[in-house]
Amino acid sequence: MSDSRRQTRRIAYGTAARLAGRTLGAAISLVALREATRYFGPVEWGPITVALAWFSLFAVLGGLGVATLAMREVARPDTDAGSAFGRALTTTAVVAICGAILSVAVGVAIYWGKSETLAMVFVLAPGIPMMALFVTIGSVLAGRGRSDVRAVLDLTSSVLLLVATLLVVDHHLRFRGFALAYLGYLTVSCISALSLATRFIRPKFGGAGRGLWSQIRAAAPLGQCDILSAAYARADSLMIFFIRGNRAVALYGLAYQIASFLFVVPSFLSNALLPDFMGGNDSRRRFLARRGFDVILTVALPLPLFGVLFARPFVVWISGARFAGAGPLLSILVCAAAIALMNGYLFQMAVFAGAERGLWRTAAVGTVSNVATNAIAVTFWGATGAAYVMILSETVGLLMYWRIYRTRMANPLGRRYPLSVVVASLGLVAIWWVLHVVLHVNPGIGLGMLPRAFTLAALYGVLLWSVTTITRRLARRKGQLPSSLS
């Protein structure tokens with residue numbers, strides 16, 4: 001078997017393993033979300049949504065880009081992985097503890113007078129180092145090509161979250177009880193991740209303290225991007241909470257939490273590409289980057305149709321009729337997620353190519369414009385305005401990230417395969433229009449929507465296979481293979 005084929009199989013295995021683990025984990029997390037939202041209801045779920053958003057913001061600050069730096073470092077063939085792992089854990093712990101202290105100090109000033117949210121901010125603060133360490137551990141495993149182990153961590157973490165949620169519901173706990181259970185889930189997840197990771201990479205802490213400041217300085221550009229991304233993702237929820245109240249932020253938070261699975265999909269693919277990407281020459285890197293972007297396009301282009309069709313029935317199925325207002329928000333956010341899939345992949349590949357300083361400027365412009373636009377949109381249109389702002393911001397980001405990507409990757413996009421995806425997506429839209437108008441087929445309710453969704457996905461697969469087969473045969477007749485499939 002050729003090296004190229006072996007690499008392709010490793011990439012496919014790593015991506016499939018991580019996607020399978022994350023998909024199963026997402027399914028379990030949805031069960032936890034179902035139990036929690038049905039138990040608390042829209043009004044009580046609002047303060048919890050805001051507290052978790054606040055926690056997520058400072059958990060990213062706790063990592064400060066160390067996870068991404070460590071992942072890139074351990075992926076290099078000549079790196080001492082144990083020493084890199086030890087430095088990453090030490091730096092993450094120190095910075096995350098500072099982030100936890102800052103979250104409490106700033107939280108007191110912002111949430112003074114909102115007792116439920118403030119209490120959760122205090123309880124969740126010790127979980128910030130736990131979350132940051134968990135992310136760093138997973139990134140190091142991915143950098144060493146162990147996406148399968150990272151998938152196990154995703155699945156285990158989701159099971160622990162479900163257990164914590166069931167404890168809250170069974171014991172009829174309220175806000176503080178939920179926060180304590182969530183803190184317990186974070187602590188056990190971190191300890192489990194470290195125990196599992198040390199079976200594959202044993203961290204070496206010798207000299208880690210002396211290299212602390214240099215590690216922080218090296219990770220700072222990536223950390224700035226992470227902080228801006230977190231602010232970009234969470235500022236809208238905070239604005240909705242203060243401007244529109246508990247119910248509005250609960251509906252938006254539910255929709256965002258469901259859609260957030262799609263926002264992290266690009267990392268599955270890029271993490272699987274990383275070991276071969278870092279060890280390859282320029283030609284191999286261009287090939288891997290182009291093939292990965294083809295995969296992202298395959299998922300992204302038909303995604304808005306699925307969001308429009310199945311968002312509302314899916315929300316009602318998960319959280320009940322009281323959260324039906326989150327359905328339209330989810331359909332809008334799924335459209336934004338389709339663009340974010342491409343943005344996330346372009347961002348990750350640019351980081352792997354060493355272009356993080358240019359990315360910081362792009363992320364800063366995107367975040368500032370997003371926050372400013374949200375301040376207007378949320379005031380006049382509430383959560384719906386915030387959802388549409390996400391589409392606008394992702395579109396602007398796509399233009400800016402694409403420009404950076406092109407400067408790093410010559411010939412970054414093939415021709416025939418992207419065109420095949422466009423044709424197949426348009427064909428799928430046409431088929432659904434015929435089914436809806438002529439045969440009066442609706443998306444369905446509850447479990448009834450699943451056969452329709454799977455049927456549409458299968459039709460899309462058949463269409464894409466047919467179009468790519470035709471284009472390949474036409475190219476062979478002309479004596480050349482499609483550039484994106486070569």
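What follows is a set of questions and answers about a predicted model.

User: What share of the residues counts as buried?
Analyst: Buried means under 20% relative accessible area. The protein has 486 residues. Applying that cut-off to them, the buried share is 56%.

User: Which residues form a nonpolar patch on the surface?
Analyst: One member is L419, which lies in helix α15, residues 416-437. L419 has 53% relative accessibility, so it counts as exposed. Together the patch has about 430 Å² of accessible area. Its members are L301, L419, V422, V423 and L426.

User: Contacts next. Of those with a separation of 6 or more, how much do residues 24 or more positions apart account for?
Analyst: A contact here means heavy atoms within 4.5 Å. Looking at contacts with a separation of 6 or more, residues 24 or more positions apart account for 85%.

User: Why is helix α4 described as largely enclosed by the rest of the structure, and which of its residues are buried?
Analyst: Helix α4 covers residues 115-124, and seven of its 10 residues are buried, so the rest of the structure largely encloses it. The buried ones are T117, L118, A119, M120, V121, V123 and L124.

User: On to the rings. Which geometry do W54 and Y111 have?
Analyst: The structure holds 17 aromatic pairs, and W54 with Y111 is one of them. Their centres are 5.2 Å apart with 90° between the planes. Planes over 60 degrees apart count as edge-to-face, so the geometry of W54 and Y111 is edge-to-face.

User: Which helices does that pair tie together, and are W54 and Y111 buried or exposed?
Analyst: W54 lies in helix α1, residues 3-63, and Y111 in helix α3, so the pair ties together parts 57 residues apart in sequence. W54 has a relative accessibility of 5%, so it counts as buried. With a relative accessible area of 0%, Y111 is buried.

User: What about F241 and F242: what sort of pair are they?
Analyst: F241 counts as buried at 6% relative accessibility, whereas F242 is partly exposed at 39%. Their ring centres are 5.1 Å apart and their planes are at 70°, so the pair is edge-to-face.

User: What's the phi of H172?
Analyst: H172 lies in the loop between α6 (147-170) and α7 (175-197). Its relative accessible area is 60%, so H172 is exposed. Although H172 is not a glycine, its phi is positive, at about 55°.

User: Which side chains meet in a salt bridge?
Analyst: The count comes to one salt bridge, at 2.4 Å, N to O. It links distant parts of the chain, 130 residues apart: the loop between α6 and α7, and helix α1.

User: Last one. How many disulfides does the structure hold?
Analyst: A disulfide needs cysteine sulfur atoms within 2.5 Å. The protein does have cysteines, among them C98, partly exposed at 47% relative accessible area, and C335, partly exposed at 21%. The number of disulfides is zero.

Technical notes
Residues are numbered from 1 along each chain as its sequence is written. This is a predicted model: local features need pLDDT of at least 70, side-chain atom pairs count only at pLDDT 80 or more; totals for chains, interfaces and linings use all residues. Side-chain values use heavy atoms; hydrogens and water are left out. Patches are made of residues with over 30% relative accessible area and no salt bridge: like charges are joined within 9 Å, nonpolar side chains (Val, Leu, Ile, Met, Phe, Trp, Tyr) within 5 Å. Accessible areas come from the Shrake-Rupley method with a 1.4 Å probe; for residues, only the protein chains shown count as cover. A salt bridge is a side-chain nitrogen of Lys or Arg within 4 Å of a carboxyl oxygen of Asp or Glu. Helices (H or I, at least four residues) and strands (E, at least two) are DSSP runs, numbered from the N terminus. Buried means under 20% relative accessible area, exposed over 50%, partly exposed in between (1.4 Å probe, protein chains only). Rings of Phe, Tyr and Trp (its six-membered ring) pair if their centres lie within 6.5 Å; planes under 30 degrees apart count as stacked, over 60 as edge-to-face and the rest as tilted.
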